[in-house]
Amino acid sequence: MSPKSVLNSAVITPGSSRHMEMIKWRRHIHAHPELAFMEQQTSALVAEKLQEWGIEITTNWAETGVVGRIKGRGGPGPVIALRADMDALSLDEKNTFEHKSRHQGKMHACGHDGHTTMLLGAARYLAEHPDFAGEVVLIFQPAEEGEGGARVMVEQGLFKQYPADYVFGLHNWPGLAAGEVAVHDGPVMAGMDTFEIEVKGNGTHGAMPHLGTDPTIVAAHLITALQSIVSRNLSPLESGVISVTQMDAGTMATIIPDHVVLKGTTRALDNDTHIFLHKRMSDLVENLCAGFGATGSVIFGGTYPATVNDSTATVALERVASTLLSEKKVHSKLPPSMGAEDFSFFLQDVPGCYFWLGNGPTEGNCTLHSPHYDFNDDILAAGASLWVSLVYQHGLSSRKK
Ligand SMILES: [Zn+2]
Ligand SMILES: [Zn+2]
């Protein structure tokens, strides 16, 4: 197939036998969800299919990651990496359809089953039609959900072994019309981390608070005071979130405990804002606790940087998607999400674009991470076609490395 004949047509037609086959793969993966770094069955299925189609692969990236490479026969060109995440969540699925999870306490509630399937569909097509210029690298990544599988792959030398010019990733997006696309030039997903605050006081009898230092009242003030950082210290034109989501205090109703632990998460759309939030939180925790005669400390962990798209890659993706789907189905003015994504670790090494593919309306607030969520099989053909069209028509050049 020549690049021209891919224009304006879905390379995998909705309702075709290829689409039906992808639905089977997707439902099989959905029924057999696996958690971070333990995606053995999914990884084996991916590796088996890629090899069956004659694609050269390497395995065991970050435990279960699989990377494939297809060299185009269309002459020299850049190396374009495409990524799909494969992991599921710790969650009991509440759906009752036939392809519901067979693994208790595990569920594909974020649609990574669909991501893996769309990249497989594209891989098969590209292996059969390798007339594109340059090279494509297929990254099947483990452990996106909070465990940073992307970071581990980068640390293991992913882009040294596969020196990509650009990297692309997508996420299915409930609330965006099925098969439509949203692109962001710049930040698309927030940076995140988790925090743990410890407030230390002096435990005493619940009837004699004056004999100790009550850390619960300090923690209560702290929860409220932390909200002043975003509302009073951060510019109203910048975005940040501080959420206290867990409290752990005490053993009995009659005892004032000697310490309280607060946990939560922070988000920001750029790394400077994130550093600013950390600094203000550390100062506030220390000084507010001291004001009550207690001591406080905060530690941050689980950091994902903000996912910030490269302009050149974003323009290329937007153009390809507009050609394939029509301009009115490609949205470039939607606000970014304060959710986080470990694709950001790839973007720290290689410029690229992470975009959203509409999963259709959310019924009854059934969104990502809901026990009722399901990836929309109708968009498998559009997603796979988008990957194929991008490989054929990105119009990008090799970067000097
Ligand atoms: Zn998720
Ligand atoms: Zn996800």
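I began at the metals: C110 bridges the zinc ion (ligand 2) and the zinc ion (ligand 1), which lie 3.1 Å apart. I note that this is a predicted model, in which local features need pLDDT of at least 70 and side-chain atom pairs count only at pLDDT 80 or more, while totals for chains, interfaces and linings use all residues. Residues are numbered from 1 along each chain as its sequence is written, chains are lettered from A and ligands numbered from 1 in the order in which they are written, and side-chain values use heavy atoms, with hydrogens and water left out.

**Entry 1. The zinc site**

I looked up the donors of the zinc ion (ligand 2) and found C110 (SG), H112 (NE2) and H171 (NE2), at 2.1 to 2.3 Å. Donors here are N, O and S atoms within 2.8 Å of the metal (3.2 Å for Na, K and Ca); water is not among the atoms, so sites may look incomplete. Along the sequence, the spacing of these donor residues is C-x1-H-x58-H. H112 belongs to helix α4 and H171 to strand β7, 59 residues apart, so I recorded the pair as a link between distant parts of the chain. Helices (H or I, at least four residues) and strands (E, at least two) are DSSP runs, numbered from the N terminus.

Are the two histidines buried or exposed? H112 is buried, with a relative accessible area of 0%, and H171 is buried at 4%. Buried means under 20% relative accessible area, exposed over 50%, and partly exposed in between (1.4 Å probe, protein chains only).

**Entry 2. Strand β7 and its sheet**

I traced an open sheet of eight strands in the order β1-β2-β6-β3-β7-β18-β8-β17, with mixed pairing. Its edge strands are β1 (56–61) and β17 (330–331), each pairing on one side only. Two strands pair if DSSP finds at least two bridges between them. Four bridges join β3 to β7, which run parallel, and R83 has G169 as its bridge partner in β7. β7 and β18 also run parallel, joined by eight bridges; there P174 stands opposite G360. Seven bridges connect β3 (residues 79–85) with β6 (residues 135–141), again parallel, and V79 stands opposite E135.

Helix α9 (residues 311–325) lies across β7 (166–174), β8 (181–182), β17 and β18 (352–360), at about 35° to β18. Axes are lines fitted to C-alpha atoms, for helices over the stretch in contact, and angles run from 0 to 180 degrees between N-to-C directions. Contact means heavy atoms within 4.5 Å.

I found four strands forming an open sheet in the order β12-β14-β10-β15, with antiparallel pairing. β12 (240–249) and β15 (295–304) stand at the edges with a single partner strand each, so one side of each is left without a neighbour in the sheet. Neighbouring strands are turned by 20° against each other on average, direction ignored.

Nine bridges join β12 to β14 (residues 259–268), and M247 stands opposite L262. Helix α7 (residues 215–233) lies across β10 (191–200), β12 and β14, running at about 170° to β12. Helix α8 (residues 271–291) packs on the sheet as well, touching β10, β12, β14 and β15, and makes about 160° with β15.

**Entry 3. Cores**

Which residues touch the most other members of the largest nonpolar core? Of its 58 residues, they are L50, L82, L138, F140, F168 and V181. Helix α11 (residues 380–393) supplies the largest share, nine residues. Apart from this core lies another of 31 residues, among them I139, V154, M189 and F346. A nonpolar core is a set of buried Ala, Val, Leu, Ile, Met, Phe, Trp, Tyr and Cys residues joined through side-chain atoms within 4.5 Å.

I listed the contacts of L138 beyond four places in sequence, including L50, I55, L82 and L119.

**Entry 4. I379**

I placed I379 in the loop between β18 and α11. I379 is buried, with a relative accessible area of 1%. Leaving aside residues up to four places away in sequence, I379 touches M118, A178, G179, L357, G358 and N359.
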